[in-house]
Amino acid sequence: MNENDKEITVTSPLLPQLEDLNEMLKQIWDSKWVTNNGQFHKQLEQALAEYLGVPYISLFTNGTLPLITALQAMHITGEVITTPYSFVATTHSLWWNGIKPVFVDIDPDNCGLDPEKIEAAITSRTTAIMPVHCYGKPCDTERIQAIADKYGLKVIYDAAHAFGVKVNGESVLNFGDMSTLSFHATKVFNTLEGGALVVKDAATKQRIDYLKNFGFAGETEVVAPGINSKMDEVRAAYGLLNLKQVDTAIEARHQVAIRYRDALRDVKGIRFFDDMPCVRHNYSYFPIFVDAEQYGTTRDELYFKMKENNVLGRRYFYPLISTFSTYRGLESAKPENLPVATRIANEVICLPMHHALSEADVEKVIRLILK
Ligand SMILES: *Cc1c(COP(=O)(O)O)cnc(C)c1O
């Protein structure tokens, strides 16, 4: 195969050694305990709480159910302020709870909710704010919390991108009332499919653990209309193995980010993010923003040129959630209400970014952008 024929994908799953996984599978087979809070499930919850620096974490079968469950657990109703610039699951979790999403525009400097614009969207029906730490870049958590406190709102962070991100040494997952994670295969840390909900106290974790198991509290008592969103032992074992190598993977991503920034720094019309002071980043994504006028080529022209050359960047997050048929009828979904998100969605390409990119891969991506 010609070097040019190899597809360079936007991401690649971090996989444990098969022999190591086999050994753990043997233990699961021997124990015949395959799900429902087994030994590996317990171990992974503890190991993740320590690694992430969070008080309590509850594992889930994917990253969407913790969003839905967090809203259930806090009895959120009415309207929730959220971002149109995310993966569609963020807004869907509101819809599944019968909550009306209210879209607010984003800050171009971190692609998260713009705190300047939140207050104008608050009504008597607003009960919560659901921001996203987009690309793992922390939102303006202080200002968002100040607004929430002023109006008595809950804050649930969709932190699907923010695994391991810290601000001044503190986990970004500790901001707000709850934070959710996704361990989907495309994320920095994966359990094939999986996710988690980070909470602040033991009583809340207990309630979440009931809710993810049909509401069962013991053998014969059901305390709430829960759902089934438990993680099984096979994926918990896989997660334990991946946790041991995730820091190495993040460092490999960091090196790719350094090379991209170095090569693209002076390209006119290409914007990207630098590291923020006092933040431990996870390099989950490397978005570039193409200013068609200055760069001389549109985002889509560059995107398709890369694709023709087997460099498979992705336009995360284009189209905006607010443009999908379910949501576009909402007043807040109008493009006039979301000028920054609308522009950014038309400028973005996430470049290939993962632990297994070779130097040659990275240089090929760069060459295509340099023209
Ligand atoms: C990946 C992702 C999710 C959903 O996670 P799944 O594990 O695929 O269900 C939710 N929100 C955001 C922002 C994501 O990127």
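A pocket here is an open set of points on a 1 Å grid over the protein atoms alone, where a 1.4 Å probe fits, with protein on both sides within 12 Å along at least five of seven lines, and lining residues have an atom within 4 Å of a point. The model is a predicted one, in which local features need pLDDT of at least 70 and side-chain atom pairs count only at pLDDT 80 or more, while totals for chains, interfaces and linings use all residues. Residues are numbered from 1 along each chain as its sequence is written, and side-chain values use heavy atoms, without hydrogens and water.

Lining this second largest pocket are 15 residues, with Asn-36, Asn-37, His-41, Asp-209 and Lys-212 nearest its centre; helix H2 (39-52) and helix H6 (202-211) each supply at least two of the lining residues, helices being DSSP runs of H or I with at least four residues, and strands runs of E with at least two, numbered from the N terminus.

The largest pocket contains about 480 Å³ of space, and among its 29 lining residues Phe-87, Ser-182, His-184, Thr-186 and Lys-187 lie nearest the centre. Helix H4 (89-95) and strand E15 (348-351) are the elements that give two or more residues to this lining, which draws at least three residues from each of domain 1 (18-243) and domain 2 (246-370), with bounds from an automatic or database domain assignment.

Technical notes:
Points joined across faces, edges and corners; volume = space filled by probe spheres on them.
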